Amino acid sequence: MPLMESLAQLEVLCEKLYNSRDSAERAHAESTLKCFSENSDYISQCQYILDNASTPYALMLASTSLVKQVSDRSLSLQLRLDIRNYVMNYLAARGPKLQNFVTGSLIQLACRITKFGWFDDDRFREIFKEATDFLALASQDHYLIGLKILNSLVAEMNQANSAMPLTLHRKIATSFKDQFLVQIFQISLTSLHQLKIEVPDDIRSVPLSLALRCLSFDFVGSPVDESSEEFGTVQLPASWRPLLQDPSTVQIFFDYYKSTETSVSKEALECLVRLASVRRSLFAEDPARSQFLSHLMSGTREILQTGQGLGHHDNYHEFCRLLGRFKVNYQLSELLNVEFYGEWIGLVAEFTTKSLLSWEWASNSVYYLLSLWSRLVTSVPYLKGDTPSLLDETVPKITEGFITSRMNYVQASIADNSSDIDNPLDNAEGLQDQLESLPYLCRFQYESCSRFIINIMEPLLQAYMARSRLPTAGDLAELSVIEGQITWMVHIIAAILKIRQTVGCSQDSQELFDAELAARVLQLINITDTGVHAQRYQELSKQRLDRAILIFVQNFRRSYVGDQAVHSAKQLYSRLSELLGLTDHLVLLNVIVGKIATNLKCYAECEDVIDHTLSLFLELASGYMTGKLLLKLDSTKFIIANHSRENFPFLGEYRYVRSRTNFYYILGSLVFMEDGPVKFRSFMEPLLQVAVSLEASADAAFQTDVVKYAFTGLMRDLRGITMATNSRRTYSLLFDWLYPSRMPLLLRAISLCTDEPEVTTPLLKFMAEFVLNKAQRLTFDSSSPNGILLFREISKLIVAYGSRVLLLPNGTDIYASKYKGMWISLTVLSRALCGNYVNFGVFELYGDRALADALDISLKMVLSIPLSDLLTFKKLSKAYYGYMEVLFNNHITISSVLNLDTSTFVHIVSSLESGLKGLDTGISTQCASAIDSLSAFYFNNITAGDNPPSPAALNLARHIGEFPNLFPQILKTLFEIIIFEDAGNQWSLSRPILSLIMISEQMFSDLRAQILASQPVDQQQRLSQCFDKLMTDVTRSLEPKNRDRFTQNLTTFRHDFRMK
């Protein structure tokens, strides 16, 4: 950028950058001003702007630009110290007069420099003393700036930065924690006491925010998931013990909660949540822990008595979290020992009951309350002593309150027409959270709870059955209420049956109560698909009910249907036999599969129900015992014998294409459980008819939607069946069905519809599954040519597709039109090349071009894709690098890569280097493997080769001769990754490093000198010794033992090199 004509011009640009509503104007300003953050020559100009600019936006530009500059870590030590000293003096002189956002940015700059220079010079650590100097000044503005510096410093130290290795970040954070964090927390407490009276809330929030930052620090190097509200125990160091044993520490946060507005009181509660989560072992003696617990319970008791602040939702939510932490960190016996436990537990029970009945408040917070109660009741069996826990009185009321609240919620939501908007029954994750703790509460007093549930359920079932007998649905709103309430009850029963743990109840009694509840839902299954209800599959309330029934069946099956179910659940089946005539799990399975068949027949309009139904069907078919039982059922035999769109309309809907594959995977799994080609051929008959019909179609017909949909459906069906073949026997059945009679249809379709991804994608995905040798299913007899014949068909398909897709113009969505088909083609070829069922030497021996043509066209496809696109599209990247790994590892001597011209060869190898630098560890490992194979081939055939080099070796030598920097550049990249990054695949990266070092010791010596020269002078001698140790006991060979020894040395080298 040319020198600014005037400061005024820059201020105008900054105004546009931060305030303009015109995106083009903002982009121009950003482009013009980016030099300030990218070029270190502009650092002095940033200082000039800070000294002389009159607008806050110009100051903001200078500050943010300097933050980016110092994050680069390439600035000299003295320059960073100068910037740091200038910023601290600037804040002292002009800080009180600056806008808050400018002050915040300058403070961030000072803290970023401090962190990045923490181990470089002790002067960086003086920021703590300088911040406390701000606190000592008489000005309130300076006092707040000092607190903000400490707040930003704690945040900066706790936050990992992409420009800094994670291990270095942890070392700095640990050093800061040990040296300053407890002092900063003490300052926050002192400030809270000083600012407690007659100070505006926006000022009070500053020390409170600082305290929360300190308590939220990552003390043990395991950062919490920021997307989750949950966190584990707060691992405060022992040096914090005196602060926490001081009663005023907890009390100050309760005082701030009571005396401030919502934004501040919420932060006070957040601090209390973390204090309630402090590790138990911090308190050396039980009395100290009991006193701390008593203080927390006393504070929450007062809030429960007055209800102060709980009218604000944020406060209410945090208070629920605080209550939830009591049983996470403390034992029930410890709670009982608190003098006023009885009063406290009564208040918590009352609060919980009110919360459950106020669903507009409780929807996201009730989880914490129910979690508290579930943990309390599960602790009862371990309780010693005679002190009453009072849970027998309170828990049943809470359980009944929850169930009643769900019933009331349904009525209220129907009344105000909000039942279809944000309905909790549609949020599977939220529903699971709500119901996660309920089973423990229900089973605590299981007899009374089950009776309460049955008393609610019976009238609902009778009303629902009465509706089914009417000629019309009648009042739809009333019916929706009944269905909604039944749906909640089914979910509740499903949650109870998921957990078989119980307190104070025998196993037999438990089974009887389970049977009573399960019988109501099993009875419901018969009602839902009869009478008027059989015409209501398009209704949302009906779909929710059927989803709930499916969840119930899944949970019930896991508990009571299986190998030992009949023997271990005699009481349950005895009671079910009395109530419904279900004598054992075979009869029960027939009911379940009947429901599955009904759903698949009737729900052509609801994808969610179809997917859930298939998920249940797959679960049943996947179990060895249940799978065998399914084959005995008439309902299963019907599905296997009649799997056409006439019987299951969802197969005719385009949106169910994924479900279609899953459906045939399940059916295939069941068919293959029994030996017999006759049964298999009978099962495949409907698919055979479709295939024969397609083969008889004219070429022009493949452009019609009817034929295209029939073909893609066939491919998806076959893919599902192929997925189910997991043995040589089952795969042979399918292979004989397909080859050779069906293969011409595939070749014809891919030739006619190359430009239509909706046709080619299912075909190629089927082939990718068909050629995958999982579980060694592609194992043919020694006299069988099937492996070679299969690869010839693969080659024909890949060549036909590749030669045509390369001629297609690039559309607006190039990924969908070209790249997707290309990456699947590469996957097909990769799986075939490494499947170990083809002797590829046969092709060249007998002059067969199948292998050569497939490799040629695949290379043409990958070379047509720009490297930027290869790296942008994740699936394309994985397929490309996976293919390159197979090519270089298994087929380097016969592959077409070494026969390419040098520039193209270098482009491919450079793409491997780009893959090494990527963030995906899997891709990096594949690239390392490919490079290792290439460099090992060079070493074995050229560097250390005794025999005359092969044509492939001569080609490789020619490429390297024309581009001698290729291997040195890759070796440099590998060393940079090992030294400066936290690579999770160090073992894989060590392999190519040794191979490259073996090629040329001079190349390694030059790189060593280059790396040492880039390091500080005072470190060079130590680092040189690290390089010396790297090659200790390593010989000039690529034998496995030598490789392992080098890998061990490299691990030591990396550790020693990175030490400060």
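How many helices and how many strands does the chain have? The answer is 53 helices and zero strands. Before I go on, note that this is a predicted model.

Some overall figures. The chain has 1060 residues, and buried residues make up 54% of them. The C-alpha trace spans about 95 × 85 × 60 Å along its principal axes. If you take contacts between residues at least 6 apart in sequence, 75% of them join residues at least 24 apart.

In soluble globular proteins, nonpolar side chains tend to be buried together. Here the largest nonpolar core holds 367 residues, and the members that touch the most others are Phe 552, Phe 791 and Phe 975. Helix α25, residues 476-498, gives this core its largest share, 13 residues.

What does Phe 791 touch, leaving aside neighbours within four places in sequence? Its contacts are Leu 829, Ala 832, Leu 833, Val 838, Phe 840, Phe 843, Ala 850, Leu 851 and Ala 854.

Two packed helices are described by the angle between their axes and the distance between the axes. The crossing of α41 past α43 is left-handed. On the α41 side, the residues in the contact are Met 822, Ser 825, Leu 826, Leu 829 and Leu 833. They meet Leu 851, Ala 854, Leu 855, Ser 858, Met 861 and Val 862 on the α43 side. By type, that contact has nine nonpolar residues, two polar and no charged. To tie this back to Phe 791, its contacts include Leu 829 and Leu 833, both on the α41 side of the pair. They also include Leu 851 and Ala 854, which belong to the α43 side.

Next, helix α37, residues 728-738. Which of its residues are buried? They are Thr 730, Tyr 731, Leu 733, Leu 734, Phe 735, Trp 737 and Leu 738. The cover over these residues includes α35 (677-695), α36 (705-724), α38 (743-752), α39 (757-770) and α40 (786-805).

Most residues other than glycine have a negative phi, and most peptide bonds are trans. The peptide bond between Tyr 739 and Pro 740 is cis, with omega about 0°. Pro 740 sits in the loop between α37 and α38. Further along, Ala 775 has a positive phi of about 55°, although it is not a glycine. Gln 776 also has a positive phi, near 55°. Ala 775 is in the loop between α39 and α40, and Gln 776 is in the loop between α39 and α40 as well. As for Ala 775, is it buried or exposed? It counts as exposed, at 58% relative accessibility.

A disulfide is a covalent bond between the sulfur atoms of two cysteines. How many disulfides does a search of the whole structure find? It finds zero. Take Cys 602: its closest cysteine sulfur is in Cys 606, 12 Å away, so the two are too far apart for a bond. Cys 602 is partly exposed, with a relative accessible area of 31%. Cys 834 is partly exposed too, at 42%.

Two last positions. Gly 652 is in the loop between α33 (634-641) and α34 (657-671). It counts as partly exposed, at 32% relative accessibility. Beyond four places in sequence, Gly 652 is in contact with Arg 645 and Tyr 709. How far is Gly 652 from Phe 791 in space? They are 33 Å apart, C-alpha to C-alpha, and 139 residues apart in sequence.

The other position is Ser 1024, in helix α52, residues 1020-1030. Not counting residues up to four places away in sequence, Ser 1024 touches Arg 1008 and Leu 1012. From Ser 1024 to Ala 1009 is 15 residues in sequence, and 8.8 Å in space from C-alpha to C-alpha.

That is what I have for today.

Technical notes:
Residues numbered from 1 in each chain as written. Predicted model: local features only at pLDDT ≥ 70, side-chain atom pairs only at ≥ 80, totals over all residues. Heavy atoms only, no water. Disulfide = S-S within 2.5 Å. Buried < 20%, exposed > 50% of the residue type's maximum accessible area, 1.4 Å probe, protein only. Left-handed = near helix turned anticlockwise from the far one by under 90°. Helix = DSSP H or I, 4+ residues; strand = E, 2+ residues; numbered from the N terminus. Contact = heavy atoms within 4.5 Å. Nonpolar A, V, L, I, M, F, W, Y, C, P; charged D, E, K, R; others polar. Core = buried A, V, L, I, M, F, W, Y, C linked by side-chain atoms within 4.5 Å.
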